[in-house]
Protein chains: 2
Amino acid sequence: MNIALLGFGVVCGGVYDILKNMPEYNVKKILIRNPAKLTMDCMTLDFADIENDSEIDLVVEAIGGLHPAREYILAALNAKKHVVTANKAVVAAYFDEFVAAAKENGVKFMVEATSGGGIPWIKNLQRVGRIDKVTKLHGIMNGTSNFILSAMTCEGKDFSDVLKTAQELGYAEADPSADIDGDDVRNKCAISAAIAFDTKVDVNSIMQAGIRHITKADIDWFKENGLVCKLFATAVCDKDNFDAVVEPVLLGCDTVEANVPKNYNITCLYGETIGEVKLYGQGAGGLPTGNAIVQDIIDINTNNAFDISFGKEMNKAEIIRGKYYIRIPAGLENYTEFIGDITEKTFTLGDDTVVVTTETTPAKIHSLLDANKDKAVFVARYF
Amino acid sequence: MNIALLGFGVVCGGVYDILKNMPEYNVKKILIRNPAKLTMDCMTLDFADIENDSEIDLVVEAIGGLHPAREYILAALNAKKHVVTANKAVVAAYFDEFVAAAKENGVKFMVEATSGGGIPWIKNLQRVGRIDKVTKLHGIMNGTSNFILSAMTCEGKDFSDVLKTAQELGYAEADPSADIDGDDVRNKCAISAAIAFDTKVDVNSIMQAGIRHITKADIDWFKENGLVCKLFATAVCDKDNFDAVVEPVLLGCDTVEANVPKNYNITCLYGETIGEVKLYGQGAGGLPTGNAIVQDIIDINTNNAFDISFGKEMNKAEIIRGKYYIRIPAGLENYTEFIGDITEKTFTLGDDTVVVTTETTPAKIHSLLDANKDKAVFVARYF
């Protein structure tokens with residue numbers, strides 16, 4: 001099988017290293033952007049060299065971002081090449097367009113590497129779906145934020161110190177917002193829900209809250225109360241509707257999810273006959289993510305790849321409900337307008353006010369966040 | 001696809017209930033033993049009715065035990081019918097014989113349901129093995145013993161009280177020895193190691209120790225030291241050798257495995273590029289185990305089933321090493337003959353003596369156990 005790689009960073013580097021030992025798979029061309037890095041004969045700066053090469057059966061896309069990734073993927077599919085991608089942003093944004101183009105051209109479009117890194121999450125979701133309706137999923141799907149939350153919990157450090165360590169270790173970007181504000185998890189949540197519920201999911205309809213404003217005082221209070229905070233993707237469905245949200249949650253300290261350490265990920269599903277299944281592993285990194293891509297490649301080459309159909313028409317509805325912990329910084333007085341009617345108890349934490357709500361919807365809580373984007377409000381749902 | 005079920009207990013009942021909703025799969029015959037239970041037209045008391053029915057493509061075996069399960073499986077394979085089994089004892093004992101018969105007859109022999117119940121463990125081990133050499137695996141593979149250990153840890157109860165509760169809830173048999181002494185886990189360990197390392201494994205070569213002699217005093221000491229006890233299967237390999245053992249282990253209380261609750265199972269592997277992967281779910285029960293069987297059936301019917309080859313010649317060697325906690329009941333004086341030279345520290349626990357050893361092999365520890373089978377010695381390896 002002749003393969004082209006789009007990009008040659010961490011992920012495609014991992015794919016290249018794994019495929020080196022698999023003689024059935026030949027990396028014929030590699031698209032790179034920087035002329036100074038044209039170090040191998042198979043490298044090219046021109047995507048047309050790949051698109052027009054009829055010997056290339058499969059294109060791996062890991063350049064990231066929306067453009068030109070979208071155009072490359074569509075061009076490859078329209079040239080009747082299978083596409084395997086690790087690019088969660090472009091898949092979350094254009095999933096149904098890619099699925100339709102793959103179907104039209106009789107080729108496969110595979111996304112294992114977009115969600116959960118090395119965890120065989122997408123494949124197992126699809127396999128469970130052969131028998132069960134998957135009615136719930138959740139998980140820790142971002143290693144950077146889990147590294148930060150774990151270090152804050154285990155070492156008692158404050159957010160900014162831990163973020164600095166994560167940046168020094170290469171776990172967090174110089175601009176960490178995609179990881180800590182939930183954008184990255186939201187893309188993975190949209191992709192996972194679309195696969196699990198077999199329906200189109202508008203990523204922009206998924207509310208998100210991140211961990212930017214969590215403090216040592218929050219963590220200390222959670223600990224005193226036997227709780228651990230994790231950043232979760234959550235999605236559920238009933239007969240005709242689904243719901244999905246990305247936000248911090250509070251778990252009992254003796255749960256499996258609460259004890260996921262460092263930059264590891266965990267993904268969890270509930271199916272009617274199989275019950276609860278949880279999958280744990282490396283959520284990022286060149287070799288684990290490369291492994292996920294190569295699994296997709298092998299599945300295509302051995303006729304083990306599943307088609308994605310989005311066979312169900314489902315609507316987004318308010319299904320997820322929960323109690324929330326909300327820490328409101330001193331000076332933010334308008335909060336009672338938003339959550340005054342769902343206050344179960346209120347107490348002070350340093351100069352701040354904490355409200356624990358009665359059971360409510362994410363929409364209610366996120367309306368408070370939206371109205372106070374410039375304030376350091378921190379929320380977490382009791383899971 | 002026409003299917004025959006051997007047995008109609010909890011597991012085949014689960015298979016039947018799941019297949020009811022899948023029109024592609026027809027349960028044509030069911031073998032039962034008790035004439036008083038011949039309640040459906042498709043039921044028979046005579047295996048020959050199934051063996052000689054050329055319309056039956058696939059036989060599900062869940063009668064348990066070694067005989068006549070072995071004879072039925074071989075007869076079905078020789079009649080060119082695929083076989084899917086949940087019977088860990090017969091697979092652990094005759095795995096290579098079944099694999100050879102399946103190969104000779106051009107049919108599939110599938111064992112997902114033998115190990116880990118609803119957890120998609122065998123399939124994912126095989127998938128990881130397409131890319132990586134799996135060098136280590138471990139896990140909690142018996143729900144009954146995990147229920148007992150979890151309840152002792154969380155509720156502070158003693159072994160006999162918790163065992164009684166487990167029996168009342170139907171989690172433990174009247175004779176619980178297969179679950180609490182490690183026999184059940186040993187079968188699953190042998191099957192998992194054979195799949196993971198792609199080699200024949202003699203189940204009788206795997207040393208086993210169980211949880212029959214654990215006491216509240218042990219659990220209290222573990223808690224004081226931040227440890228949790230679980231019954232583990234462990235298997236490792238190097239280039240030409242493998243090792244496997246079933247015994248209680250001591251884990252840090254903030255590890256994922258330590259927090260596996262109730263009767264749940266977890267299975268863990270390490271692969272060179274994928275890193276650590278852990279899979280959690282229901283390790284038993286009619287619907288989860290039935291789900292595992294139906295996944296095998298679908299894989300066969302859709303040409304997604306993997307062959308098992310045992311392609312590698314490997315020898316069993318002493319690779320696993322660790323420190324041990326050993327509680328020696330009062331009056332057992334010969335223990336120093338066995339472990340005097342590996343004593344790191346000794347202390348008393350009630351009337352008993354506890355030895356914590358330096359790093360050693362399971363063989364060394366199990367020689368002490370073998371010489372004192374009638375004594376309530378409890379051992380656990382620091383994991």
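**Entry 1: the largest cavity**

I began at the lining of the largest cavity, where α5 (121-129) of chain A and α11 (286-301) of chain B each supply at least two residues. Helices here are DSSP runs of H or I with at least four residues, strands are runs of E with at least two, and both are numbered from the N terminus.

A note to myself on the source: this is a predicted model, in which local features need pLDDT of at least 70 and side-chain atom pairs count only at pLDDT 80 or more, while totals for chains, interfaces and linings use all residues. Residues are numbered from 1 along each chain as its sequence is written, chains are lettered from A and ligands numbered from 1 in the order in which they are written, and side-chain values use heavy atoms, with hydrogens and water left out.

Back to the cavity: how much space lies in the largest one? I noted about 90 Å³. The structure holds four cavities of 30 Å³ or more. A cavity is a set of points on a 1 Å grid over the protein atoms alone where a 1.4 Å probe fits but cannot get out, and lining residues have an atom within 4 Å of a point. Grid points are joined across faces, edges and corners, and the volume is the space filled by probe spheres set on the points.

From chain A, the lining takes A:Asn124, A:Arg127, A:Val128 and A:Ile274. Chain B's lining residues include B:Glu112, B:Pro120, B:Lys123 and B:Gln295. I sorted the lining into five nonpolar, four polar and three charged residues. In that sorting, Ala, Val, Leu, Ile, Met, Phe, Trp, Tyr, Cys and Pro count as nonpolar, Asp, Glu, Lys and Arg as charged, and the others, Gly among them, as polar.

**Entry 2: where the chains meet**

I looked up the contacts next: 39 residues of chain A touch 38 residues of chain B, with contact meaning heavy atoms within 4.5 Å. The two chains bury about 3,300 Å² between them, 52% of it on carbon and sulfur atoms. Buried area is the accessible area (1.4 Å probe) that two parts lose on being put together, summed over both. Which three residues of chain A supply more of its buried area than any other three? They are A:Arg127, A:Ile131 and A:Tyr280, with 19%.

Two strands pair if DSSP finds at least two bridges between them. Strand β1 (residues 2-6) of chain A runs parallel to β2 (residues 26-31) of chain A, joined by five bridges, and A:Leu5 stands opposite A:Ile30. Axes are lines fitted to C-alpha atoms, for helices over the stretch in contact, and angles run from 0 to 180 degrees between N-to-C directions.

Chain B also has an open sheet in the order β3-β2-β1-β4-β5-β6, with parallel pairing. There, β1 (residues 2-6) and β2 (residues 26-31) of chain B pair over five bridges, and B:Ala4 has B:Lys29 as its bridge partner. I found α3(B) packed on the sheet, its direction about 150° from that of β5(B). α11(B) packs on the sheet too, at about 160° to β5(B).

Strands β15 (residues 343-349) and β16 (residues 352-357) of chain B run antiparallel, joined by six bridges. They form a hairpin with two residues between them, and B:Gly350 in the turn has a positive phi of about 60°.

Most residues other than glycine have a negative phi, and most peptide bonds are trans. Against that, I noted B:Lys80, with phi near 60°, in the loop between α3 and β5 (82-85) of chain B. A cis peptide bond joins A:His67 and A:Pro68, with omega about 10°. The bond from B:His67 to B:Pro68 is cis as well, with omega near 5°.

Note on methods: On a 1 Å grid over the protein atoms alone, a cavity is a set of points where a 1.4 Å probe fits but cannot get out, and a pocket is an open set with protein on both sides within 12 Å along at least five of seven lines; lining residues have an atom within 4 Å of a point.
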